[in-house]
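Please keep the sequence and the model in view while going through them.

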Amino acid sequence: MRLTLSVIKADVGSIGGHTKPSSRMMATVDREVGKAIANGLLIDGFVCHTGDDIAIIMTHTWGEGDVEVHQFAWKTFLAATSIAKTSGLYGAGQDLLVDAPSGNVRGAGPAVAELSFDHSLSSPRPAESFMVFAADKCGPGAYNLPLYLAFADPMYCAGLMLPPMIKGFRFHVIDMDHTAGDSVIELDAPADSYHIAALLRDNERFGIDRIVSRTHNEVVAAVSAQRLHSIAGKYTGKDDPVAIVRNQGIFPAPEEIVSPFAKAHFVGGDARGSHVMPLMPVPLNTAVTGMYCLPIVSCTGFSIDKDGRFSESFTDFFDNPAWDEVRRLAQRKAIEMRSQGWSGAAMLPYSELEYGGFRDTVSSLLERFQVREERRPEAAE
Ligand code: 13P
Ligand code: 13P
Ligand code: MG
Ligand code: MG
Ligand code: MG
Ligand code: MG
């Protein structure tokens, strides 16, 4: 069967400020997913949250960008929004940026990552397992560095030296500034790895869209690389990307995929979506409650049976004492960075400040600037 994995995530309201969705919102999304499985739209589904963003992880056979699947997710987020409104929660419906998308919801606010493959549990995939990354308070290129290291650097993924991976992976890199349709370049690692790095270093403009095995021509990773402010014309929240990454066998093992997250690398996001702060790996269903408003990422793992159903349980990759050490590192890096407050590298450049109000403040001051007559070059002549 041709199986599609779809992950659609949105921030549609949160309790006590921008911390987490309410239990009633989560229960509603769970119930809707249950109905969609019962009526045959979905084969399986799983609901979790990262900070105040609700992710729906789905398997089905309708392909990527399917209108029914996307409309289902949209309507489900609307149902959660109406609970958020009734309960007076913060940011109800925040990521639903258009009134009613007629087709698929890509470009309408929610983060979407999807990939499809022939699912027969035979060579080269006698078992199918994958993981889902979901981030909150964080910019669109948050996965650029970790995925580059996992798929293009044997210092992080020794598996790249094995026969199924030694030819490397093809990176589809998207220019997120391009708003009239997706503008993508395909570059092969390792041959083009410096070119890939030259693009991916700019987390706010270029993002990994997907990664494909050069040996097996199988898609291994898909990322929701889109900028909300390119969609809405103004920022309404950070982009908070999701990613699907298949693992094991012809692909890197889970530990090779998660190890780059041990860096707690600096990304755009954090408080008011306008700072540069470390990405903290957290267990599923973690609320954003620490000081600052650290960018966070969760990682869930699943196996899929022959019918496309998830294993009876899931793996919560960052729910392990090993990651406590990284969380402490992230917190230490955060304290260091925020000790310089608003100065220079601690905050995002002017064009990337999420809260347009910061720009309004500066604009109103720019109007009051005056050239000093005695300092005019002409005046000196
Ligand atoms: P297991 O022996 O648990 O299968 O682990 C093998 C392995 O290759 C880990 O990367
Ligand atoms: P959310 O995208 O989770 O709403 O966070 C935005 C923000 O401004 C954090 O300060
Ligand atoms: Mg929010
Ligand atoms: Mg959020
Ligand atoms: Mg957001
Ligand atoms: Mg084992």
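1. A strand here is a DSSP run of E with at least two residues, numbered from the N terminus, and two strands pair if DSSP finds at least two bridges between them. The model is predicted.

2. Strand 14 covers residues 296-304, and seven of its nine residues are buried, so the strand is described as mostly covered.

3. Which strands pair with strand 14, and in what sense? Strand 5 runs antiparallel to strand 14, and nine bridges join the two. Within strand 14, Val297 stands opposite Ala135. Strand 13 (residues 280-281) runs parallel to strand 14, with two bridges between them. Strand 15 (residues 315-316) pairs with strand 14 in the antiparallel sense, again over two bridges; Thr300 stands opposite Asp316 of strand 15.

4. The unreviewed UniProt entry gives the feature "binding site" at His18, Tyr90, Gly103, Asn104, Lys137, Arg272 and Tyr355. These positions span 338 residues of sequence and are also spread in space, up to 30.7 Å between C-alpha atoms.

5. Lys137, one of the positions listed by UniProt, lies in the loop between strand 5 (128-136) and helix 3 (144-152). Is Lys137 buried or exposed? Lys137 is buried because 33 other C-beta atoms lie within 10 Å, and the cut-off is 20 or more.

6. Tyr355, also among the UniProt positions, is in the loop between helix 7 (321-338) and helix 8 (356-366). Tyr355 counts as partly exposed because 15 other C-beta atoms lie within 10 Å.

Note on methods
Residues numbered from 1 in each chain as written. Chains lettered and ligands numbered in written order. Predicted model: local features only at pLDDT ≥ 70, side-chain atom pairs only at ≥ 80, totals over all residues. UniProt positions renumbered as here; feature names shortened; annotations may be inferred. Helix = DSSP H or I, 4+ residues; strand = E, 2+ residues; numbered from the N terminus. Buried ≥ 20, exposed ≤ 12 C-beta atoms within 10 Å, placed from the backbone.
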